[in-house]
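Here is a quick tour for someone meeting this protein for the first time. Have a look at the structure, then read on.

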Amino acid sequence: MVGTDKEGRKDETAELALRRGFMWQAFEIYGGAAGFYDYGPLGALLKRRIEDKWRYFYRREGFYEIETTTIAPRAIFESSGHLESFIDPSVVCNRCKSVFRVDETVNVNTKCPECGGELEPSGEFNLMFQTRIGVSKSEGDEQAARKSEGYLRPETAQGIFINFQRLLKFNRDKLPFGIIQIGKAYRNEISPRKSLIRLREFTLAEVEVFVDAAEKNSHPRFDEVKDRKLRIVPREGEAEETSVGEAVSRGIIANEYLGYHVARVAEFLESIGLPRAKLQFRQHLRDEMAHYATDCWDAEFLSERYGWMEIVGVADRGDYDLSAHASSLNIDLRVRTESGKIMPHVIEPSFGIDRIIYALLESAFYEEQVGKEKRKVLRFKSEIAPLKAAVFPLLNRDELKSKAREVFQQLRDASFFVEYDNSGSIGKRYRRQDEIGTPYCITIDYETLEDGTVTVRERDTMKQVRVPIAEIEEVLV
Ligand code: AMP
């Protein structure tokens, strides 16, 4: 994970994330395996905070969350088209035999990124991990073998589509409605090289909105988002700064439902602290879209190391998935509406949580010179910072330590995630917290024992204020 880029610059964010226990390569003591990461104590906290904010954000839309399995039988992916179409072309180096996924930077016309050798086409790979469900004696019996074949889901969406009838009933047979799901997805990526960006096991947070195609152009809350400004990169034409309302009325974004969700994605990403200036929405080229999509916009983050990278995909999946399952199973999944029976369309914002975490770490990281020292800071928004505060006794004296422990326990009891630290100088303790993005440090000194006040120091401004113990909780916003 910790490496240098092409110019030989050390990846400071990755170094910090590893050193302070945000994340590390999985199976480290066994030598690791490409494309797998574990989240450590601070990383897991940060991830939960983002997921919780996401849940709350979509709850406001009235969407319910469900939880479906991560393994599914072959038939599901046969119907969904993933068995046939979820594939990546690859090339192999004729010298070092490394295999790469074909993209803009690696293809038969370029040299091997590892050794400079010639690259040759090496076929197409299905990205799904295969497994067996149960122990059946299927040798020689192809039908039995197929029946026991299972796959780890490459997206959470299929779990929602195949439960459509039950979900529709739950929604009292009415459209539109939305369902959300957060969970692991698995893709056997050909070249998973870039830390949290191309993983083989990752977390998706997906929203599936079912809507009558005839209503796609009249979202009841479109007015709330229409003035939101976005940098968009349409398939045809130049990148521009425009409002969602205008992009929809000029036909650049296909319909109000898609526009509404693109705008909400932008709002969510900004709400967790990604800078607006580092976000854009890029429309997929026709030959770039997934097999199920009729239109797709990627929310991209401008990474200092990797350039523009996709962090969320917002797709109009049309009626592709429901029609595919209905036709495989020979069942009717259409919904009765006033104008007859229709097959609902699906608008899908699909958030890659790990890439969002990478983007947050990279954009929150900040270094400055304070006196003789370098101060490293993760400028997380207070709501997503792993710890809310740290409590210090100013000096290593029993009377200060016991008061500090008391304040520490009071904050814990009030459900704040706080740390107690009495080792090293106060300056060192501040730096330790700055590095992991803790927004507040609370110091107990002799004045505390006299008048019951403490100093609360804010991470970004380093300003300190005196606050009565009883009021600390109000300051920790
Ligand atoms: P997709 O279904 O391919 O549009 O993916 C949805 C989102 O999942 C993307 O916007 C990425 O943020 C994320 N994602 C896709 N593939 C990977 C991967 N191999 N590792 C980490 N995140 C991924």
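## Finding your way around

The protein chain splits into domain 1 (37-70 + 154-375) and domain 2 (387-475), with bounds that come from an automatic or database domain assignment. Their centres, taken over C-alpha atoms, sit 39 Å apart. Where they touch, 4 residues of domain 1 meet 5 residues of domain 2; a contact here is two residues whose C-beta atoms, placed from the backbone, lie within 7 Å.

A word on what you are viewing: this is a predicted model, in which local features need pLDDT of at least 70, side-chain atom pairs count only at pLDDT 80 or more, and totals for chains, interfaces and linings use all residues. Residue numbers start from 1 along each chain as its sequence is written.

The protein chain has 16 helices and 26 strands. Those are DSSP runs, numbered from the N terminus: helices are H or I with at least four residues, strands are E with at least two. With a radius of gyration of 26 Å, close to the 23 Å from the globule rule for 477 residues, the protein chain is as compact as a globular protein of that length. That radius is taken over C-alpha atoms, and the rule is 2.2 Å times the number of residues to the power 0.38. Along the principal axes, the C-alpha atoms fill a box of roughly 80 × 65 × 55 Å.

How much of the protein chain is buried? The share is 34% of its 477 residues, where buried means 20 or more other C-beta atoms within 10 Å of a residue's own, exposed means 12 or fewer, and partly exposed is in between, with C-beta atoms placed from the backbone.

## Around the ligand

The ligand has 15 residues around it, and the closest are Leu199, Phe202, Gly313, Ser350 and Gly352; to be near, a residue needs its C-beta atom, placed from the backbone, within 6 Å. Strand S16 gives the largest share of this shell, 4 residues. S11 (201-211), S19 (345-352) and helix H12 (353-364) are also among the elements that supply at least two residues each.

S16 covers residues 307-318 and includes Ile311. Ile311 is buried because it has 25 C-beta neighbours inside 10 Å. Its contacts, leaving out residues up to four places away in sequence, are Ala299, Glu300, Phe301, Gly352, Arg355, Ile356 and Ala359.

Helix H10 (residues 256-271) has 13 of its 16 residues buried.

In helix H11 (residues 320-329), the buried residues are Tyr320, Asp321 and Leu322. They pack against helices H3 (74-80), H6 (157-161) and H7 (164-170), and against S16 and S19.

Most residues other than glycine have a negative phi, and most peptide bonds are trans.

| Residue | Phi |
|---|---|
| Phe27 | near 55 degrees |
| Lys97 | near 70 degrees |
| Asn330 | near 55 degrees |

Phe27 is in the loop between S1 (23-25) and S2 (37-39), and Lys97 in the loop between S5 (87-93) and S6 (99-101). Phe27 counts as exposed because it has 11 C-beta neighbours inside 10 Å. Finally, the peptide bond from Leu175 to Pro176 is cis, with omega near -10 degrees.
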